[in-house]
Amino acid sequence: MGFLIFIAIVAVIVFWAIGAYNRLVSLRNQFKNAFAQIDVQLKRRYDLIPNLVETAKAYMKHERETLEAVIRARNSAVSANQAAAADPGSAAAIAGLTVAEGALTGALGKLFALAEAYPDLKANQNMMQLTEELTGTENKISFARQAFNDAVMTFNTAVQQFPTNILASILSFTPAELLAATESAEERKAVKVQF
């Protein structure tokens, strides 16, 4: 009788371990898929930027440094995205992508701020279309980032909750890194409205 109880307890533990392992694998695959959606939108963004710079170049001949900074930031972001896409669970790769995307966002912000001083550029049909496409892509990136962070949070919760954390530790499931927003502290400040 005692042997049957022992076998039943072992069977329950084995079935629980199999279920917990499968859940961790499923959650890890979900956040990797969510990152793949970000990757698609980032690649679209990276493809739009050279066209934007090329259009602006004809009008902004004296702003060569700004245009080159945008291209450098884009190339850095492409490299960081490739590293993150190769291992979306890597905290270092996600942190590198966050930094590179922040630099790219800052460079694009400077480009758009300078473009305000060139009315012909602002009125250029190609520039308006590229800006609109880039804005739409930025919105898609934001939604994809939220889905990724939600999937990472669910995975991290599963990895850290008892008793699954014991199995996760044994099987080398480590928490994944959230993809932080790339806005600078200045952009996060509340806008002052004065009448």
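## Exposure and how the model is read

A residue counts as buried when its relative accessible area is under 20%, as exposed when that area is over 50%, and as partly exposed in between, using a 1.4 Å probe and protein chains only. Keep that in mind, since it comes up again and again below.

This is a predicted model, where local features need pLDDT of at least 70, side-chain atom pairs count only at pLDDT 80 or more, and totals for chains, interfaces and linings use all residues. Residues are numbered from 1 along each chain as its sequence is written, and side-chain values use heavy atoms, with hydrogens and water left out.

Let's start with Pro50, which sits in helix α1. (Helices are DSSP runs of H or I with at least four residues, strands are runs of E with at least two, and both are numbered from the N terminus.) Pro50 has a relative accessible area of 29%, so it is partly exposed. Leaving out neighbours within four places in sequence, Pro50 is in contact with Ile71 and Arg74, where contact means heavy atoms within 4.5 Å. Pro50 and Ile71 are 21 residues apart in sequence, and their C-alpha atoms are 7.1 Å apart in space.

Now try Asn75, in helix α2 (residues 64–86). Asn75 is partly exposed too, because its relative accessible area is 38%.

## How α1 meets α2

The axes of α1 and α2 come within 10 Å and cross at roughly 165 degrees. (Axes are lines fitted to C-alpha atoms, for helices over the stretch in contact, and angles between N-to-C directions run from 0 to 180 degrees.) So α1 and α2 are roughly antiparallel to each other; the label is for angles over 145 degrees, while under 35 is roughly parallel, 65 to 115 roughly perpendicular and the rest oblique. The crossing of α1 past α2 is left-handed, meaning the near helix is turned anticlockwise from the far one by less than a right angle (clockwise would be right-handed).

By class, this contact of α1 with α2 has 14 nonpolar, one polar and five charged residues. Here Ala, Val, Leu, Ile, Met, Phe, Trp, Tyr, Cys and Pro are nonpolar, Asp, Glu, Lys and Arg are charged, and the others, Gly among them, are polar.

With a relative accessibility of 2%, Asn81 counts as buried.

## How α2 meets α3

Helices α2 and α3 pack at about 160 degrees, with axes 8 Å apart. They are therefore roughly antiparallel to each other, and α2 also passes α3 in a left-handed crossing. This contact divides into 18 nonpolar, four polar and three charged residues.

Arg45 lies in α1 (residues 2–59). Is Arg45 buried or exposed? Arg45 is buried, because its relative accessible area is 2%. Setting aside residues up to four places away, its contacts include Glu101, Leu108 and Glu138.
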